[in-house]
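Visitor: I have a chain to look at and some questions about it. Shall we begin with its surface?

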Amino acid sequence: MQVKPSFYISYINKKFAFVPTDPNDAFIPLDGADISDIFTLRYERTIQNDMFSLNGAYYHVMDQQNKPKHIINGTKIQIRINVFSQEAYVLRYGKKRPIKMIHNRKRKMSKIADNQKDLQVILDQFRRDN
């Protein structure tokens with residue numbers, strides 16, 4: 001027996017549809033709300049030697065004169081990254097502090113040998129590079 005889609009749709013509508021108790025729209029406008037605060041990636045990091053790491057890179061928190069700001073070791077900081085503009089900053093005492101990348105750690109990709117011949121090629125390349 002094959003059920004027709006129109007029968008199925010009407011059956012589901014009869015079973016689960018209901019009239020809303022309040023005929024007014026339930027959506028509320030975001031007057032005065034900053035949606036960039038809502039669509040923000042949030043990270044917590046710990047300061048070590050006036051810097052922190054995030055996604056394989058080291059960063060400094062900058063002051064108003066665009067110089068590295070001294071922050072005591074072990075201090076927890078809140079990092080924010082706006083998903084629209086990709087602006088990254090530290091939120092500290094309610095103020096946005098800019099950050100600056102100082103070093104990006106590049107990691108070498110691992111190589112996989114499927115057989116002894118591939119292993120020999122990888123080892124020969126390694127010996128040439130070093």
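Guide: The chain exposes about 11,400 Å². Carbon and sulfur atoms supply 55% of that area. Keep in mind that this is a predicted model.

Visitor: What share of the residues of the chain count as buried?

Guide: To count as buried, a residue must have under 20% relative accessible area. The chain has 130 residues, and the share of them that count as buried is 18%.

Visitor: What is the radius of gyration of the chain?

Guide: For 130 residues, a compact globule would have a value near 14 Å. The C-alpha atoms of this chain fill a box of roughly 70 × 55 × 25 Å along the principal axes. The radius of gyration of the chain is 28 Å.

Visitor: In what order do helices and strands follow along the sequence?

Guide: The chain holds three helices and six strands. Read along the sequence, they give the pattern α-α-β-β-β-β-β-β-α.

Visitor: How many residues of helix 1 are buried?

Guide: Helix 1 covers residues 5–16, which is 12 residues. From its first C-alpha to its last it reaches 16 Å, close to the 16 Å expected at 1.5 Å a residue. Helix 1 is hardly covered, and its count of buried residues is zero.

Visitor: How far apart do the centres of the positive and negative side chains lie?

Guide: The chain has 22 positive side chains and 13 negative ones.

Visitor: What part of the contacts with a separation of 6 or more comes from residues 24 or more positions apart?

Guide: A contact needs heavy atoms within 4.5 Å. Among contacts in the chain with a separation of 6 or more, residues 24 or more positions apart account for 58%.

Conventions:
Residues numbered from 1 in each chain as written. Predicted model: local features only at pLDDT ≥ 70, side-chain atom pairs only at ≥ 80, totals over all residues. Heavy atoms only, no water. Helix = DSSP H or I, 4+ residues; strand = E, 2+ residues; numbered from the N terminus. Rg over C-alpha atoms; globule rule 2.2 N^0.38 Å. Buried < 20%, exposed > 50% of the residue type's maximum accessible area, 1.4 Å probe, protein only. Areas by Shrake-Rupley, 256 points an atom, 1.4 Å probe, with all protein chains shown as cover. Lys, Arg positive; Asp, Glu negative; His and termini not counted. Charge placed at Lys NZ, Arg CZ, Asp CG, Glu CD. Expected span 1.5 Å × (residues − 1).
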